[in-house]
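Please look over the sequence and the structure before reading on.

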Amino acid sequence: MSLPKIIWTKIDEAPALATYSLLPIVNAFTQAAGVTVETSDISLAGRVLAAMGLAENHLAELGQVVLQPDGNIIKLPNISASVGQLKECIAELQGQGFDIPDFPENPATPEEEAARAKYNTCLGSAVNPVLREGNSDRRAAKAVKKFAQNHPHKLKPFPENAKAYVAHMGGDGDFYGNEKSVTMDKAEKVTIALNGKELATIDALEGEILDGTFMSVNKLRTFIQKTIDDAKAKGVLWSIHLKATMMKVSDPIMFGHAFEVFFKEVFTKYADTFSALNVNPNLGMSDLEKKIAGHALESEIKAAFQAVVESDSPQIAMVDSDKGATNFNASNDVIIDASMPVVVREGGKQWNRNGEAVECVAVVPDASYGRFFEEMVADCVKNGQYDVSTMGSMANVGLMAQKAEEYGSHPTTFELAEDGTVTVTAEDGAVLMSFECEAGDIWRMSRAKDIPIKDWVRLAVERARIENVPAIFWLDENRAHDVEMIKKVNKYLADHDTEGLDIQIMDVTAATKFTNARVREGKNTIAVTGNVLRDYLTDMYPILELGTSAKMLSIVPLIAGGGLYETGAGGSAPKHVEQFLNEGHLRWDSLGEFLALAESLRFIGQKHSDEKLAALTAALDIANEGYLDNNKAPSRKCGEPDNKASHFFVAQYWADALANGDNAELAAKFAPVAVALKENEEKIIAELLAAEGKPQDIGGYYNADDAKAEAAMRPSATLNAIIDAI
């Protein structure tokens, strides 16, 4: 029987490299049960070429797949591009012969405006809003959690009398403090305007929550200066943590203001030079250095920046101490959902210019989410580091369907051109919300539609019933948006049987305290959150519990009936690629892909009863357990088994489980495969290791040459012959 196909996304960086090795194995096994796995290119390079009309728009095609009842996509992590990354990708594609224009930073002609508009579609979170036509169900698989507890990774202790802390604006001029929110009583066109001049129009739906707010940049700059002064007085290292990839409009601007404030004397002294060279602080030091390259004052300007760094007034966090790259190297270097768990993992510390781990203040300006990180650090300062071998789990049900909530990557975020009033008005001219702002303030609207909210509540009740643990809605009765959300949550909870369930509503600080107390007692909790907190929680807790967020089950039950299976919550690991290109060793752990594939196959089995498919899925579950129990995760060190070897072991365990399974046809087919993989193990591992220790040429970073990349990731002729013969 021909079963529905699985679409495997072709994406970027480390998971893209891993796919060259893993996908031939996956296809060889799944085709034996009638399941075809096809690829769809939604990499940054693929999206750029599609935007310029030089390739098919696979992202748009997948946008239709997620609306189908049988849609089944395995989505690997992709680059959420910053301007710097996009420019690098464009330059690489041009070097490969593609006729595409440069990225126009300051468009001056209609042609440049048109090119910029096309390129803008590739920036930030361009992929996720299209594919996530369902809400998020993220949790640790039981086998993964058990392995982590039995083989605990190391969390650094917090010092006695620890000084580490998180600083946020506390609602004084930030997005939290300035927020207003309304629920639409009918579907209509809504206009956002500044002093009567239209900024954008949207088609709001009946029952949709609209949320307007702004960040006062004057208060932001005052706050940043205060944190710098406090860090110096308290003797802690200073760092800022933002999300300049997903929140592609708001957070690079906030980053730029922080950059200017920290190095204010340099920016003031060379203001005319920077203006003449079109220096944009939002792009960070790496871009500034490119702009001043060859200028008569280049050395002087670099020395001025370095003098501030070396003054240690205060010390600044480094992204690469060896290269002298600070927290301000590029806006996408320090991404909050990855960087803040490291602060907790390292005992409240980050690295200074000498490569030393020292206690820090982590600056997270907006109180909406700053309060979560504040409590995470404060809890460890008070109670000490977590015990990986005993700590409980945090599972998450996240509202994200139909572009729901809070991300600044949507087209309703603006840097205001002048002082005045921002209004949000209905079709009849009635003012729904208004805000008194200043030039340069960052104004934004987020939206949450009624159908996704209703589905979110359903999913939360379902998970609470299955897990039989408390489910906490992280909603704050003092936050305007959350007030509207609480009304809907209470309304839709009444539609479900909640008898015997522990379902509560708490603000961010209270919910964090409640969850952490249970975690320390070895108990599990379900966090039911909005979109951004979903992102932050499902990196923070898994990194502490499991060592990485890439080992989380990340399932998106699509509202239309299909399934989107994301391979963990982590990013695409550029450092892993750097190591691979230098020495042929890829330390990316594909466990997320293994687990996602099992869930994807299980989804097909729930809709299409098939003995072969059931046997294939059960065998993969056994293989995944074997992978964990035998600790076959890639080593970080060149010369030891890496990602390619981990794929070999999963194939070996999978074939063995099929050979000993209940389905006679598959057992007969895979018995010789299992024997061949077992008997040739030593030879295969030797062939894989022989390829390490030397630089690799894959023909491109963003747009690799498929033949070269496959050759680099499939260097064992013995393994290839066994797999290709299935």
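## Strand residue T423

Leaving out residues up to four places away in sequence, T423 touches T191, I192, A193, M433 and S434, where a contact means heavy atoms within 4.5 Å. T423 sits in strand β17, residues 420-425. Helices (H or I, at least four residues) and strands (E, at least two) are DSSP runs, numbered from the N terminus. At 19% relative accessibility, T423 counts as buried; buried means under 20% relative accessible area, exposed over 50%, and partly exposed in between, with a 1.4 Å probe and protein chains only.

The model is predicted, and local features need pLDDT of at least 70, side-chain atom pairs count only at pLDDT 80 or more, and totals for chains, interfaces and linings use all residues. Residues are numbered from 1 along each chain as its sequence is written, and side-chain values use heavy atoms, with hydrogens and water left out.

## Loop residue N135

N135 lies in the loop between α6 (128-131) and β4 (136-140). With 0% relative accessibility, N135 counts as buried. Not counting residues up to four places away in sequence, N135 touches G398, L399, M400, A401, P452, D455, W456, L459, I555, V556 and P557.

Two of these residues have backbone atoms in polar contact with the side chain of N135. A polar contact is a pair of N or O atoms within 3.5 Å; within protein, one must be able to donate a hydrogen and the other to accept it, and residues adjacent in sequence count only if both atoms are side-chain atoms. A polar atom of the N135 side chain lies 3.1 Å from the backbone nitrogen of A401, and a polar atom of that side chain lies 2.9 Å from the backbone oxygen of P452.

## Other loop residues

N195 is in the loop between β7 (188-194) and β8 (197-204). The phi of N195 is near 50°, a positive value in a residue other than glycine. N195 is partly exposed, with a relative accessible area of 37%. N278 also has a positive phi, about 55°, although it is not a glycine. The loop that holds N278 runs between α11 (271-276) and α12 (284-292), and N278 is partly exposed at a relative accessible area of 46%.

A cis peptide bond, with omega about -5°, joins S313 and P314. P314 belongs to the loop between α13 (298-311) and β11 (318-320). G699 is placed in the loop between α25 (681-690) and α26 (706-713) and is partly exposed, with a relative accessible area of 32%. Apart from neighbours within four places in sequence, G699 is in contact with Q96, A704, D705 and K708. G699 and Q96 are 603 residues apart along the chain, and their C-alpha atoms are separated by 9.1 Å.

## Nonpolar cores

In soluble globular proteins, nonpolar side chains tend to be buried together. A nonpolar core is a set of buried Ala, Val, Leu, Ile, Met, Phe, Trp, Tyr and Cys residues joined through side-chain atoms within 4.5 Å. Which members of the largest nonpolar core touch the most other members? They are F29, W654 and L677, out of 77 residues. Helix α23 (residues 643-659) gives the largest share of this core, ten residues.

Not counting residues up to four places away in sequence, F29 touches L616, A651, W654, A655, L658, F670, I723 and I726. A second, separate core has 41 residues, including M215, I224, F259 and Y270.

## Cavities

The structure holds five cavities of 30 Å³ or more. On a 1 Å grid over the protein atoms alone, a cavity is a set of points where a 1.4 Å probe fits but cannot get out, and lining residues have an atom within 4 Å of a point. Grid points are joined across faces, edges and corners, and a volume is the space filled by probe spheres set on the points.

The largest cavity contains about 160 Å³ of space. Its lining has 19 residues, of which I11, A16, Y701, Y702 and A704 lie nearest the centre. The largest share of this lining, four residues, comes from α1. The second largest cavity has a volume of about 110 Å³. It is lined by 14 residues, and L242, D251, D366, Y369 and Y536 lie nearest its centre.

Terms used: On a 1 Å grid over the protein atoms alone, a cavity is a set of points where a 1.4 Å probe fits but cannot get out, and a pocket is an open set with protein on both sides within 12 Å along at least five of seven lines; lining residues have an atom within 4 Å of a point.
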